[in-house]
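Hi,

Here's the structure I promised to pass along. Have a look, and my notes follow below.

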Amino acid sequence: TLSLLGRKTEAARWLDPILEVAPRCRAAHHLKCELISLEKRWEELLVCAKAGAAALPDDADFGVRQATALRGLGRYEEAIVLLESAVRRRPHAGGPMSSLANLYTMTRTDEKNWSAMEASCEANPDDIVTCFLAGVLAHYLAKHEACVARMVSLLDRLPSQPRVPMYAAISSFYLGRIGEADRLIGRAAKISGAMDPDVYYCRSLIVRDRDIPSAIKDLERFLLVASQGWHSEGKIERVTEELAMLRRGVIPPPAEAHHRAEGAPIPPGARSGGGDLRPEAT
């Protein structure tokens, strides 16, 4: 209750005494890790998550929290191993799958990795995690036809994952299929609610040429949620600059290498590579 009231320091004082008396109290372990995570104290979060996993080995969420800590520490490959294990245990959980996609775009966005994952998905189409990740990498490589095909095939198999229609929507947009993009991004927003700010960033990209006021509202939504979560200060600063441009009635130039039509050259000034979330120079 104290945590929900915003009195997080007071809330934290109760947790260690509770865990001394009840070392397997699931709620206490989770809340302790959550409060540490909000302050981005990654070393402490790793200790907390390992303690939770030791006390409650059946709870996959502590693997996710360990991955969160490792990612915060820049230990991306270790984070991927833990996070992918948790995702494969529960592929329909939206948050971990989205985090895994981000880690893959940071570390795997190249033709070789995409080709290997695409071949693996073709060989085993029931492996919905690999098929989803192949679609993500296709998008970040501006292989928009491949992304749309892969994600549309997963719409009914991963119905609680907003990034399936989100990636299909934004790749459809860069293929010039505006009606399809609008329909798919609407589906993504309905699934996401406030949980995945990238849905609103993508919707802003899709509508800003036609409806600047709506694009502004979506960037405001993005910034409100992203500042509480996993986006780097660099990306938040960049989106803040885009918002300022839209408020002046100016359409921002493409920000990322994949913000282009399939086969088109990388836009001047756009960031190359995949979805690298590490801080950027400003």
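Let's start with a cysteine: at 0% relative accessibility, Cys33 counts as buried. Bear in mind that this is a predicted model.

Cys33 is bonded to Cys48, with an S to S distance of 2.4 Å. Cys48 counts as buried too, at 6% relative accessibility. The torsion about their S-S bond is -110°, making the link left-handed. It ties together distant parts of the chain, with Cys33 in helix α2 and Cys48 in helix α3, 15 residues apart.

Helix α3 (residues 42–55) also passes a quick length check: 14 residues at 1.5 Å each should span 20 Å, and its end C-alpha atoms are 20 Å apart, which agrees. Its buried residues include Trp42, Leu45 and Cys48, and the buried residues of α3 pack against α2 (26–38) and α4 (61–72).

There are two disulfides in the structure. Cys121 and Cys131 are joined with S to S at 1.9 Å, and the torsion there is about 100°, so this disulfide is right-handed. Cys121 sits in helix α7 (residues 111–123) and Cys131 in helix α8, ten residues apart.

What about Cys25 and Cys202? The sulfur of Cys25 is 12 Å from the closest cysteine sulfur, in Cys48, which is too far for a bond. For Cys202 the closest is in Cys147, at 10 Å, again too far for a bond.

Finally, the largest nonpolar core has 75 residues, and Leu100 and Phe132 are among those touching the most other members. Helix α8 (residues 128–140) gives the most to this core, with ten residues.

Cheers

How values were computed: Residues are numbered from 1 along each chain as its sequence is written. This is a predicted model: local features need pLDDT of at least 70, side-chain atom pairs count only at pLDDT 80 or more; totals for chains, interfaces and linings use all residues. Side-chain values use heavy atoms; hydrogens and water are left out. A nonpolar core is a set of buried Ala, Val, Leu, Ile, Met, Phe, Trp, Tyr and Cys residues joined through side-chain atoms within 4.5 Å. Buried means under 20% relative accessible area, exposed over 50%, partly exposed in between (1.4 Å probe, protein chains only). Helices (H or I, at least four residues) and strands (E, at least two) are DSSP runs, numbered from the N terminus. The expected span of a helix is 1.5 Å times one less than its number of residues. Contact means heavy atoms within 4.5 Å. A disulfide is a pair of cysteine sulfur atoms within 2.5 Å.
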